[in-house]
Amino acid sequence: MLPGEDRAARRVLLVCMAAGGTTLLDQAVLNIAIPSMRQSLGATGADVQWIVAGYSLAFGLAFVPGGSLGDLHGRKWLFMAGVAVFLLAGVTAATGGEPETLIGARLVQGAAAGLVNSQVIGTIQDVFHGPARGRALGLYAVTGGVATALGPPLGGALVAGLGPEAGWRCCLLMSTPCAVLTLTLAARLLPPPRRTARNSRLDVLGLGLLCGCTLTLMVPFIRTPDGGGETLLWGTAVGVLAAVFAVHQRLRVRRGRQPLVHPALTSSKPYMLGTAVAMAQFGSSLAAFLVLTFLQSGLGLSALLTAAVTLPGAVGMGISSALAWRLVRRIGPRTVTVGLTLGIGAALTGAAVALYAPTEALPMALAGTQLMSATAGGLTVSPNQTQVLQDAPAEAAGVGGGVLQMAQRIAAAICLSAVPAVYLHAASGPPGDGQPRTGYALASCVCAGLLAVALLLSSKRRPVPPSRLSAPPSAHHAGAVPRSKEST
């Protein structure tokens with residue numbers, strides 16, 4: 001690049017990092033304010049599940065059409081529109097007086113975040129090339145990690161300093177100045193919009209079937225079924241929708257139309273196994289943190305103390321993410337195995353701590369398990385993602401990144417519904433039979449089970465030479481939104 005072009009590219013990256021930090025900070029800061037929000041609004045556990053899981057579901061489903069629309073109409077105005085909607089939905093959520101208002105606002109905000117982040121990935125692909133693209137995507141990922149780490153301590157400080165009522169509302173408003181700054185930077189620094197695809201037809205029916213299947217999986221966990229017959233009915237509905245989705249995808253391929261999920265991806269066993277590993281790990285980690293906030297409420301812990309419990313995890317995630325690539329150079333893909341094994345140990349240790357640790361030692365013990373869990377995540381997430389995208393077939397390399405992002409968010413939505421349901425069911429029982437500690441222990445065991453499934457699936461993948469995993473993803477293998485009609 002010429003010096004001027006290099007400066008322009010760095011400015012574009014600054015806007016992308018600001019957008020990623022804004023959307024991820026908003027999600028991270030809310031969790032710590034959930035107990036005070038429940039008390040203020042009189043929200044039920046089911047309301048909280050919809051507020052948190054709905055954001056992830058809308059984010060994941062919006063990522064696919066967002067990338068396609070960006071290819072067809074250009075990215076700048078879609079980026080700015082997404083940030084503006086995100087901002088307005090955040091203000092609506094912060095000023096709402098009913099749980100239903102908050103649920104609706106968070107669904108809109110999640111969809112806007114998905115639209116924004118799909119433009120971010122596409123913009124990075126448009127502006128950066130070769131090794132520079134890998135470095136840019138790495139910095140974007142680091143920004144998200146820093147925002148996620150800062151969220152709980154900042155949220156805890158706000159709730160503690162301003163009180164429960166004003167605190168949780170200010171937590172939701174924290175992203176407002178960040179969004180305004182992002183909009184200002186985007187208007188000045190993003191390149192003019194340009195089309196990168198002449199025809200980008202979205203598989204609307206496939207997207208609707210996938211949304212219906214995911215919601216059908218979520219609802220039984222959020223709404224307690226009346227009996228075994230209703231559970232069987234929901235299960236049958238999931239099976240029917242999944243079968244119709246699979247048939248629909250095959251029919252689109254036969255008719256020469258682009259399906260929602262590229263057929264080359266579903267035929268690649270390493271890619272599918274790696275994506276399943278990412279789904280289980282991502283869903284488990286987010287659900288575990290949400291259950292920790294439920295435990296906070298059940299034990300009467302303050303928001304500031306809970307933030308202090310999560311702080312070692314934030315530090316551990318940052319350090320382990322930075323060191324993961326050094327370990328990859330030594331042992332290759334076994335780094336993922338180490339991370340998943342450590343994660344299982346952390347979840348089981350958390351269950352034991354919840355059941356047996358003395359009350360006065362519980363916060364310190366939970367902080368230790370959070371450190372273990374976050375360190376495990378740092379060793380797992382980036383190396384596994386790199387391996388998954390390197391396993392994506394060449395003809396679907398860019399699409400593979402979008403599908404991976406969508407799959408992770410959908411898995412998070414399901415896990416954020418199912419795992420807290422385990423906690424709420426156990427914690428709502430009679431004294432001595434269904435206490436918060438027991439609920440947390442059971443939910444932690446479920447998370448350990450999810451990670452055990454991920455470990456088993458990871459062991460079935462063919463080994464990848466360490467040299468192929470010794471750097472963050474670049475070129476097509478970075479979750480980029482492709483510039484073709486195959487765009488996600």
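Buried means under 20% relative accessible area, exposed means over 50%, and partly exposed is in between, using a 1.4 Å probe and protein chains only. That wording will come up again in the close-ups below.

View 1. Leu348 sits in helix α14, residues 334-356; helices are DSSP runs (H or I, at least four residues), strands are E runs of at least two, and both are numbered from the N terminus. Because its relative accessibility is 45%, Leu348 counts as partly exposed. This is a predicted model, in which local features need pLDDT of at least 70 and side-chain atom pairs count only at pLDDT 80 or more, while totals for chains, interfaces and linings use all residues. Residues are numbered from 1 along each chain as its sequence is written, and side-chain values use heavy atoms, with hydrogens and water left out. Not counting residues up to four places away in sequence, Leu348 touches Cys445 and Ala448, where contact means heavy atoms within 4.5 Å. Leu348 and Val446 are 98 residues apart in sequence, and their C-alpha atoms are 9.4 Å apart in space.

**View 2. The whole protein, for orientation.** The protein has 17 helices and zero strands. Of its 488 residues, 55% count as buried. Among contacts between residues at least 6 apart in sequence, 84% join residues at least 24 apart. The accessible surface of the protein is about 19800 Å², and 67% of it belongs to carbon and sulfur atoms; these areas come from the Shrake-Rupley method with a 1.4 Å probe, and for residues only the protein chains shown count as cover.

**View 3. Helix α4 against helix α7.** The axes of α4 (residues 76-95) and α7 (residues 164-173) come within 8 Å and cross at roughly 175°. That makes α4 roughly antiparallel to α7. Here axes are lines fitted to C-alpha atoms, for helices over the stretch in contact, and angles run from 0 to 180 degrees between N-to-C directions. Angles over 145 degrees count as roughly antiparallel, under 35 as roughly parallel, 65 to 115 as roughly perpendicular and the rest as oblique. On the α4 side, look for Gly90, Val91, Ala93, Ala94 and Thr95; on the α7 side, for Trp168, Arg169, Leu172 and Leu173. By class, the contact holds six nonpolar, two polar and one charged residues. Ala, Val, Leu, Ile, Met, Phe, Trp, Tyr, Cys and Pro count as nonpolar, Asp, Glu, Lys and Arg as charged, and the others, Gly among them, as polar.

**View 4. Two nonpolar cores.** A nonpolar core is a set of buried Ala, Val, Leu, Ile, Met, Phe, Trp, Tyr and Cys residues joined through side-chain atoms within 4.5 Å. The largest one has 63 residues, and Met37, Leu102, Leu366 and Tyr440 have the most contacts inside it. Helix α16 (residues 397-427) gives the largest share of this core, nine residues. Apart from it lies another core of 28 residues, including Ala19, Met80, Val120 and Phe128. For Met37, the partners beyond four places in sequence are Leu30, Val48, Ile51, Leu102 and Trp168.

**View 5. Val159 on helix α6.** Val159 lies in helix α6, residues 131-162, and is buried, with a relative accessible area of 9%. Leaving aside neighbours within four places in sequence, Val159 is in contact with Ala33, Ser36, Pro164, Gly167, Trp168, Cys171 and Ala303. Val159 and Arg169 are 10 residues apart in sequence and 9.0 Å apart from C-alpha to C-alpha.

**View 6. Ile410 on helix α16.** Ile410 lies in α16 and, at 9% relative accessibility, counts as buried. Its contacts, not counting residues up to four places away, are Leu61, Leu210 and Thr214. Ile410 and Gly60 are 350 residues apart in sequence, yet 5.9 Å apart in space, C-alpha to C-alpha.
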